Amino acid sequence: MSDDALAFRFFSLHVVRTASLGPSLVRVTFGGEDLAHFESDGLDQSLSLFVPAPGCAEPGVPVEEGENWYQAWREQPDETRAVMRSYTLRALRREPDEIDIDFVLHGVEPGAAVPAGPASRWAADAKPGDKVQLIGPAVADNRAIRFRPAEDTDLVLMWGDETALPALLACLESLPAGMPVRAWLEVEDAGNIQDVETRADAEVTWLVRDAHHTEVPHSLDGVGGAPTPMALGPIAAAELPPAERPYVWLAGESGSMKELRRHFVGERGVDRRRVTFVGYWRRGLTEEQLREQGE
């Protein structure tokens, strides 16, 4: 059995409760006996969540197929195949064993320009007792944790959009007292701004997108400009604390990070080996399409 197979496993869970975090953010708390085997150092821990297909009561994930589960899942009929989406862990608690996952509810409001995806629709309607499957860590330190500043880091720089909020806030909470931090977070509604709790010396800038913010058109076939993140201007204009060994963490829409990474490496002189960038989604593509590209 591979090391990955030992580090990750399936968890059968159910919804314990939900809580609105803003106009387009909801936190879903999950519980279940399997969580006794869930181990993670937290931070930006990545997970694969399976929710039931529309009209189904349970996610029909063929866990009994062992290491062949993925092919068996792919071969299921579209109307019954569980919906798989990637998320990051917001929190893990014991006694009782619970985990929190925050969902971005794009398109669930009436008349939305872009219809909601199946996971957003599920999260918007989730109620206690609803069942899910999850692939998560059975080993606390695993490859699905990407936030790893070196011990000699003397400045942490962070950027994220709504999809990165759970990970970014968890990372901020973990930093030691006095660590200089500058973080920029982009949200589509001021109501999605959250309180930040950290012992670090953190300056957090919330940027609210509106109708006046435009992006360079993004071509799905790779031709043309990538989207320009709203944060690029404020980041470029920011006066950063002096540091010899800064660490940069960027997470969110894949195309948006290219300009930011170029800025930190090319204009700020950050060692590219100290830059972590994680694409949680790509404009114009579903997660299924992204997975097909990677196969």
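In which sense do strand β7 and strand β8 pair, and over how many bridges?

1. Keep in mind that this is a predicted model. Strand β7 (residues 155-160) and strand β8 (residues 180-187) pair in the parallel sense, with five bridges between them. On this pair, Met 158 stands opposite Ala 183 in β8.

2. Those two strands belong to an open sheet of five strands, in the order β9-β8-β7-β10-β11, with parallel pairing. At its edges stand β9 (201-208) and β11 (275-281), each with a single partner strand, so one side of each has no neighbour in the sheet. On average, neighbouring strands here are turned by 10 degrees against each other, direction ignored.

3. Two helices are worth a look next. Helix α4 (residues 165-174) lies across β7, β8, β9, β10 (246-253) and β11, and runs at about 160 degrees to β8. Helix α6 (residues 254-267) packs on the sheet as well, touching β7, β10 and β11, and its direction makes about 160 degrees with that of β10.

4. Now to strand β2. Seven of the seven residues of β2 (residues 25-31) are buried, so the strand is largely enclosed by the rest of the structure. Leu 25, Arg 27, Thr 29 and Gly 31 point one way, while Val 26, Val 28 and Phe 30 point the other way.

5. What are the partners of β2? Strand β1 (residues 8-22) pairs with β2 in the antiparallel sense over seven bridges, and the two form a hairpin with two residues between them. Seven bridges also join β2 to strand β5 (residues 98-104), again antiparallel. Val 28 stands opposite Thr 18 and also opposite Ile 101 in β5.

Terms used. Residues are numbered from 1 along each chain as its sequence is written. This is a predicted model: local features need pLDDT of at least 70, side-chain atom pairs count only at pLDDT 80 or more; totals for chains, interfaces and linings use all residues. Side-chain values use heavy atoms; hydrogens and water are left out. Buried means under 20% relative accessible area, exposed over 50%, partly exposed in between (1.4 Å probe, protein chains only). Helices (H or I, at least four residues) and strands (E, at least two) are DSSP runs, numbered from the N terminus. Two strands pair if DSSP finds at least two bridges between them. Axes are lines fitted to C-alpha atoms, for helices over the stretch in contact, and angles run from 0 to 180 degrees between N-to-C directions. Contact means heavy atoms within 4.5 Å.
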